[in-house]
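Trainee: I'm new to this model and would like a close look at one helix and its surroundings. Could you take me through it, and then show me the rest around it?

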Amino acid sequence: MPQIEIQDLTIEYAKPSSDQRFVAVGHVDLTIERGEFVTIVGPSGCGKSTLLLSVAGLVELSGGAILMDGKTVSGPGRERAPVFQDASLLPWRTVLGNVRFGLELQRWKQDDIGERAMRFIRMVGLGAYADYHPHQLSGGMRQRVNIARALAVDPEVLLMDEPFGALDAQTREVMGNELLRIWSRDRKTCLFVTHDIDEAVFLADRVVVMGREPGHIKEIIRVDLPRPRDEAVLESQAFADLRLRLRRHLAQDMASMRLVTEEV
Amino acid sequence: MLNTTEAANNKSAALPLPWPFSRSFAISLASVAIFFLIWQIAPALGWVNGRFTSQPSQVLVAGWTELGTATFWNAARISFTEFALGFALSLAVALPLAALMVTSKIARYMIDPPLMALYIAPSLILLPILILWLGIGMASKVAVVFLGAFFPIAVNTMAGMRQVDPKLLTMARAFGASRSRLFYSILIPSALPSLLTGIRLGIGRGVLGVIVGELYAAQAGIGYQLSTYGNSMRIDLLLVYALVVSTFGYVLTEFVRLLEVQVGKWGAK
């Protein structure tokens, strides 16, 4: 049985100040196996973030269903942990306090929380910064805390919405490598939204390409690059081919967008 | 934002220490000394009638003896209890109400207009009614303090909660946070700078409420003593009690201001 099943998923929003409804995601089907790393790419407005939020149980579905291990998802659950683009750290808590927060929310035993939080802070390389407050950290460090907070609650699925989207290119690459290193330890299922093609290919077992109006899946591309992956992968011919294929897809979308704007 | 600048101001003001004598400190000190000197010698020189003004030396002596009496401590205990109960009650009601108004539009539309109207009106308007309803004992004073402190706390907390980062709420919900958990783990800490501002304003109104309430109708308490000593022309004792009240209010307010500065540091980018 696949771990996550998205069946005929439709999500609509009421447009503000009008009776019209905006279809963010229309009739999407997707299945994700246990331990799979799936990235989702697409132009802005293709509903990729909405799709992820719906798996997190934070969005009301207009149609279809999402199943986790065969059971219908009706809200957030402790088997799914979020890592969003904004690190969303509590500014009044230290690094340690922030990583503890997820554990506290999921009612881990009080005796274990501190030790466990520290273990994951060390895992993301911030052992020396446990007592720092978020405003004292760089963007990359904050994202590390964000990731540590999600990993610490021992979820089965990590839901990542452009977690490195606000970082500079270099930090982004480092973080991608780190994420793969951590992921390869226990191979938790990862659903990872990004608009960066290189990142999408580098991380994924499968890349889901989405299109706009309404948000739908255009293609799913299997990435058969060997693991563990490192910088050498980025220079391989196979990587270049996949990258080109994705670029063409997205370029098509950009072209249609341009047409739309010209009509207006 | 406000708190960050306030914190920054405090920092720069604190850097040149007032000791040893900076110019501004020396001037302040001199003006206070001159005031006490004139007050001390004015009755002796016949400028004013000492029966109405007393003298700093008399106040000092009166204070020394009065602060050791059971009369004083009994009055202080009663007034403080009224203040503490009323204040705790206003916190207990204002915080959940503020959260309700921030999370529910209907609640906001229902409660906002009367809340703002009562916030602007001095709550002492209701004092005669409260005395009628609750008698001249402690209950009516507790109610006055509650009304005085409630509105600044509720209004400021609400303003603070409206500033909450929605991304923090989304994150906490994704981790499975309950509504009550969102309230005390996200909403309250987010609103803490404004909440403290509300508390600081509430302290002033609460102290005023206790004293005026006791002056108006009471059987005991600091305000009652003030009224008694006023009637019997004990200006020295009256001033001792006045000093106690203002010291209490000042220390408490400054303490909260210090907390505000600490809390403001979180937001420092």
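Predicted model: local features only at pLDDT ≥ 70, side-chain atom pairs only at ≥ 80, totals over all residues.

Mentor: Let's start at the end of the helix. Just after α2(A), A:Arg107 takes a positive phi of about 55 degrees. Residues are numbered from 1 along each chain as its sequence is written, with chains lettered from A and ligands numbered from 1 in the order in which they are written.

The buried residues are A:Val95, A:Leu96, A:Asn98, A:Val99, A:Arg100, A:Phe101, A:Gly102, A:Leu103 and A:Leu105. What covers them? From chain A, the cover includes β6 (80-83), α3 (110-123) and α4 (139-152). From chain B, the cover includes α9 (166-174) and α10 (179-216).

That brings us to the place where the two chains meet. The contact takes 17 residues from chain A and 16 residues from chain B. On the side of chain A that touches chain B, 9 residues are nonpolar, 6 are polar and 2 are charged. Two residues are in contact if their C-beta atoms, placed from the backbone, lie within 7 Å. Ala, Val, Leu, Ile, Met, Phe, Trp, Tyr, Cys and Pro count as nonpolar, Asp, Glu, Lys and Arg as charged, and the others, Gly among them, as polar.

Now look at the other end of the helix. A:Thr94 is found in the loop between β6 and α2 of chain A. A:Thr94 is partly exposed, because it has 18 other C-beta atoms within 10 Å. Leaving aside residues up to four places away in sequence, A:Thr94 touches A:Ala130, A:Asp131, A:Tyr132 and A:His133. A:Pro155 is 61 residues from A:Thr94 along the chain, and their C-alpha atoms are separated by 22 Å.

Follow β6 next, as it belongs to a sheet. In chain A, 6 strands form an open sheet with mixed pairing, in the order β6-β7-β8-β3-β9-β10. β6 and β10 (216-222) of chain A stand at the edges with a single partner strand each, so one side of each has no neighbour in the sheet. On average, neighbouring strands here are turned by 20 degrees against each other, direction ignored. Two strands pair if DSSP finds at least two bridges between them. Within this sheet, β3 (residues 37-41) and β9 (residues 206-211) of chain A pair in the parallel sense over 4 bridges, and A:Ile40 has A:Val208 as its bridge partner in β9(A). α4(A), part of the cover of our helix, lies across β6 and β7 (157-161) of chain A and runs at about 175 degrees to β6(A). Axes are lines fitted to C-alpha atoms, for helices over the stretch in contact, with angles from 0 to 180 degrees between N-to-C directions.

Chain A also has antiparallel pairs. β1 (residues 4-14) is joined to β2 (residues 21-32) of chain A by 8 bridges, running antiparallel, and A:Ile11 has A:Val25 as its bridge partner in β2(A). β1(A) also pairs with β4 (residues 63-68) of chain A in the antiparallel sense over 5 bridges, where A:Ile6 stands opposite A:Ile66.

Finally, step back to whole chains. Chain A has 8 helices and 10 strands, and 40% of its 264 residues count as buried. The secondary structure of chain B comes to 12 helices and 0 strands, and buried residues make up 35% of its 269 residues. The C-alpha atoms of chain A fill a box of roughly 60 × 45 × 40 Å along the principal axes, and those of chain B one of roughly 75 × 55 × 30 Å.

Key
Buried ≥ 20, exposed ≤ 12 C-beta atoms within 10 Å, placed from the backbone. Helix = DSSP H or I, 4+ residues; strand = E, 2+ residues; numbered from the N terminus.
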